[in-house]
Amino acid sequence: MGRSWFGILHAFDHLLASAFYRLSHMAGRNKVPFILIPVALALAGLATFLSLMVYEPRMDALYFPTDSRAVYDDAAVEKIWGDQGIRFSQVMLVWQGNFDANVLTAERFAKAHKVVQGILTDRVDHDGKTVNFTDVCVRSRTPDDSCFLLSVFNGWNNETLPSTDEQLIEQLNAPTRVDRWKRPLRDEVPLLLAKAHYDAEGRVESAAAYHFVFASRQTDEGAAWETNLVSQILDVNTQEWGEREGFRVYVRTEHSIDTEIERSVGGNLSLMVIVFVVLIGYAVSVTYRHRNLVRSQMLVALTGVAIVGLSLCLTYGICALAGIPFTAVVGLSPFLILGIGVDNIFIIINTLHERDPDLESRERVSLTMKECGPSITMTTLTSFVAFAAGAGSSFPVVKGFCLYTAIAILSVFLFTITTFLAFLHLDAIRQRRNRLDLICCKSRNEEAYRGSHKRLAFGLTAIFKKHLGPLLSKQVVKAAIIPAFLLLLYGGISGILRLEQGLHIRDLAPYGSFIRAYYAAEDRLELEEPVQSLDLTVSITGLNFTSAEDLTLLEQLTRDLEDSEYAHPETRLRITSFVRAYDQWRQMNQLNNGSDAEFYDHLSGFLNLKGRVYGDHVLRSASGTIRHCRIFVTTKGVPFREQAQLMLSFRNVVDSSELSRRPDVRLIVSHPRFFVFEQSLYILGETLLSMLLAALSVLVVTLFFLCSPRTVIFVFLQIVIIDINLIGYMAHWGVPLDSRSMIMLLLSIGFSVDYSAHLAHAFMLAPGTRDERMQQALSTMGTSIANGGMSTLLATLPLAASPSSIFEVFFKMMFMSVLFGMLHGLIFLPVLLSIMGPPAISRADEKLPSLPVAKTSSSLSRDALRPERHKPAYRNGPDKMRLHHQQPSAHRGQKMQRSATVGGHGQRGHGGHRVSEDPPILQQAAEEESEETNGSSIEVTDGSPIEVTNGSSIYVSIDK
């Protein structure tokens with residue numbers, strides 16, 4: 001069974017190689033259609049994208065899961081109670097920007113009041129309507145139905161402000177000084193004053209800043225008011241802060257975060273230009289052949305960079321047509337695709353360069369595609385399936401990026417085997433006609449297309465051929481490398497144990513923006529989220545309020561919520577319940593509910609009196625009965641990493657209550673920020689699931705191409721180790737596990753396969769011992785892999801200068817992914833293969849019979865017919881076989897190459913066998929030994945003598 005399965009895989013590999021061979025011949029005969037049709041599709045895609053593109057800038061619609069319980073609960077609550085969206089804007093006043101100055105003086109208190117009054121009364125035009133804060137604010141649950149505003153001035157209302165410093169301190173600490181909610185003002189100091197200091201008696205005596213929170217509705221008018229608030233304080237374009245009444249004003253609005261993210265990402269067009277220029281320069285430098293412009297391939301390399309750009313146009317058009325929204329993170333895909341796309345380009349160019357230049361140009365390109373076509377197909381499919389696995393993510397930003405990138409990878413592959421392939425044929429023709437690269441002028445040296453270029457001693461080829469390969473073959477080096485990589489793995493595992501999860505909204509703010517400045521000031525003032533409590537809503541449907549049993553169960557639920565470890569420390573502030581308030585009102589007025597009618601009559605009287613406070617706590621039917629009610633729970637402040645546990649704690653209280661077990665009652669606990677908290681519950685499991693699906697998909701794909709379970713296991717091991725290191729060193733570099741890094745973890749699977757699979761594929765095709773095959777694999781593919789890795793790094797390096805935190809995470813993850821991928825693909829995997837690698841495979845149609853020499857008139861042995869005494873590898877080709885023989889010539893330092901072509905019949909009908917050219921490692925050695933090489937081809941018939949130019953005769957026969 002194993003042999004049969006191996007045969008199937010081998011046949012698949014041969015079939016795919018033959019398909020690329022035929023495709024290349026087709027492209028060589030039809031160059032114009034292969035160029036123009038894809039280019040026309042790319043232009044059509046660009047036009048479609050520009051006309052149909054939908055841009056999604058909203059942070060809450062991108063970076064958090066869309067199918068979480070919080071999303072469904074919010075939708076249910078909104079259906080019952082209407083839009084619950086609340087947007088908070090925060091302002092801090094620091095005296096002259098000095099965080100050590102005291103703002104609790106009568107003079108500064110009055111000036112701060114003037115600043116706040118200016119914010120409240122300032123008006124902004126929106127759609128022909130002038131609005132101020134009163135028009136867009138969320139109403140608080142206070143008797144006067146005032147706007148929700150956390151402010152130290154709530155304790156004074158319309159009273160005269162204190163005129164002396166002593167009077168200010170005295171009034172601020174007075175227990176009778178209460179806010180709109182009748183809460184003592186001194187109890188609210190942690191919310192209203194930043195970095196407050198207390199005396200021995202616990203009285204506030206100084207503070208570094210005033211802190212204000214404005215609550216606005218989630219409407220277009222509210223967004224316009226937020227924008228105007230920011231523009232009052234600073235110039236958004238220059239990020240220059242203004243001052244008001246001597247105060248440095250720090251501001252943060254929820255709408256401005258979306259705006260700043262869009263501005264920072266949208267302003268990176270210059271980085272894209274830099275990336276193109278850098279990649280063009282790199283592509284030219286690695287394809288320039290020193291002192292031989294005929295063999296140089298700079299023009300075709302530039303074409304490769306261009307077709308990546310064309311493939312992006314087609315990708316964006318397809319996604320726009322499919323209705324996939326364009327996001328700021330999708331704007332990163334060009335940097336990634338430029339890096340990935342040129343990898344395959346370098347592999348094809350390097351493989352073509354090693355081909356015999358005497359071959360007919362179309363045949364030379366076709367044999368190149370036959371050799372490397374399956375390899376680039378494998379890496380394309382592995383990258384595609386890795387991103388396709390992430391397309392099912394519940395995080396919209398991950399889903400959108402993976403869809404765009406997966407389609408882009410296929411588009412690059414399409415353009416590579418069409419447009420680029422056609423240009424490759426044109427470049428091969430140029431070389432065969434002995435014309436210079438770029439300018440296409442005729443070379444004066446008629447043998448330039450054959451001759452070697454002078455290899456640089458410090459070039460990549462020399463490094464892999466002369467240094468790295470032989471070095472890794474030494475037993476002592478192998479013994480040192482394995483522990484070194486195990487130590488690297490240990491560092492990754494240790495990092496995983498302290499990896500943080502979840503995306504803090506502040507982490508999305510661009511560097512250098514006023515949002516970052518606000519958060520920096522907040523940190524200095526020690527005004528962080530732990531001091532900010534939350535008001536949770538518990539919505540209740542289906543309860544019978546005239547049933548004593550139902551009211552008892554409701555009271556039990558209320559007490560359980562009140563007793564939660566995350567409830568507000570002040571008992572009186574923990575619960576806001578209209579049922580409790582109604583009972584207290586009835587007892588105070590000595591009213592009894594003898595019947596259902598009396599209950600609702602008294603309720604109407606209570607709501608008429610207290611309607612401004614509790615009117616929105618109940619929804620009544622046309623008959624007056626209560627259909628829905630809600631109670632509010634105030635929590636204590638907790639840091640970001642504990643917010644998910646706070647949410648789960650209150651959900652557990654509600655879900656485990658007696659009321660929740662009743663089918664006729666529905667309980668929902670919600671908060672507008674629960675969807676943010678819930679991401680940390682989803683991100684780890686979803687990341688691991690997506691990575692597992694991607695890894696298994698990659699495993700299946702590589703099995704079809706590598707034709708060896710042992711090699712596939714080695715490649716899969718590289719994927720696992722690289723991802724463990726990547727996750728672990730994320731923690732060491734300060735990158736949390738969130739939707740941004742999740743994208744890069746999926747990408748790393750495709751990258752790690754690229755670096756490992758190419759080398760493993762070359763190892764499987766190389767002849768000789770394991771060490772020889774490892775060295776030959778590094779010699780043939782090491783340069784291409786290194787060039788691909790360098791091009792990817794160069795494509796992402798400019799992102800390090802971007803102010804966007806999204807781009808910063810992308811750069812860090814890409815840098816580590818490429819670094820770990822190249823280290824494992826070029827060092828660790830070769831060592832493993834040299835120790836435990838499987839036997840080589842051949843792509844021959846059938847085994848070539850022995851070639852006995854019948855008669856010679858010179859001392860030519862069987863081995864003399866074989867290149868450098870290496871066993872020939874038999875590959876599909878024309879119906880002829882080529883034998884190479886070298887003899888010393890009359891000129892010192894030169895060699896004459898004799899080649900014979902033999903026709904024959906195979907078991908599959910009329911056909912033949914072709915002995916491949918010397919492996920590239922041997923060709924390079926020959927080039928360095930001799931500046932000139934002369935060759936001749938001789939047609940041979942079975943058993944016929946052949947007169948060679950130096951007088952030798954060779955009889956060649958084929959046993960059948």
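A residue counts as buried when its relative accessible area is under 20%. Keep that cut-off in mind as we walk through this predicted model.

**The whole chain**

Let's begin with the overall picture. The protein chain has 29 helices and 27 strands. Of its 960 residues, 55% are buried. Contacts can also be sorted by how far apart the partners sit in sequence: among those between residues at least 6 apart, 77% join residues at least 24 apart.

**Helix α4**

Now zoom in on one helix. Helix α4 covers residues 106-121, which makes 16 residues. From its first C-alpha to its last it reaches 23 Å, close to the 22 Å expected at 1.5 Å a residue. Which residues of α4 are buried? They are A106, F109, A112, V115, V116, I119 and L120.

**A pair of strands**

Next comes strand β17, made of residues 666-670. This strand is mostly covered, with 4 of its 5 residues buried. Its partner is strand β13, residues 535-541, and the two pair in the antiparallel sense over 5 bridges. Within this pairing, V538 stands opposite V669 in β17. As a general point, the side chains in a regular strand alternate between the two faces of the sheet.

**V700 in helix α24**

V700 has its place in helix α24, which runs over residues 679-706. Is V700 buried, partly exposed or exposed? With a relative accessible area of 47%, V700 is partly exposed, because that category lies between under 20% for buried and over 50% for exposed. The C-alpha atoms of V700 and V712 are separated by 8.9 Å, and these residues are 12 apart along the chain.

**R773 in helix α27**

Our last stop is R773, found in helix α27 (residues 770-796). R773 is buried yet has no salt bridge.

| Side chain | Backbone oxygen | Distance |
|---|---|---|
| R773 | A766 | 3.1 Å |
| R773 | P838 | 2.8 Å |

Leaving aside neighbours within four places in sequence, R773 is in contact with several residues, including F763, M764, P767 and G768. P839 and A840 are also among its contacts.

How values were computed. Residues are numbered from 1 along each chain as its sequence is written. This is a predicted model: local features need pLDDT of at least 70, side-chain atom pairs count only at pLDDT 80 or more; totals for chains, interfaces and linings use all residues. Side-chain values use heavy atoms; hydrogens and water are left out. Buried means under 20% relative accessible area, exposed over 50%, partly exposed in between (1.4 Å probe, protein chains only). Two strands pair if DSSP finds at least two bridges between them. Lys and Arg count as positive and Asp and Glu as negative; His and the chain ends are not counted. A salt bridge is a side-chain nitrogen of Lys or Arg within 4 Å of a carboxyl oxygen of Asp or Glu. A polar contact is a pair of N or O atoms within 3.5 Å; within protein, one must be able to donate a hydrogen and the other to accept it, and residues adjacent in sequence count only if both atoms are side-chain atoms. Contact means heavy atoms within 4.5 Å. The expected span of a helix is 1.5 Å times one less than its number of residues.
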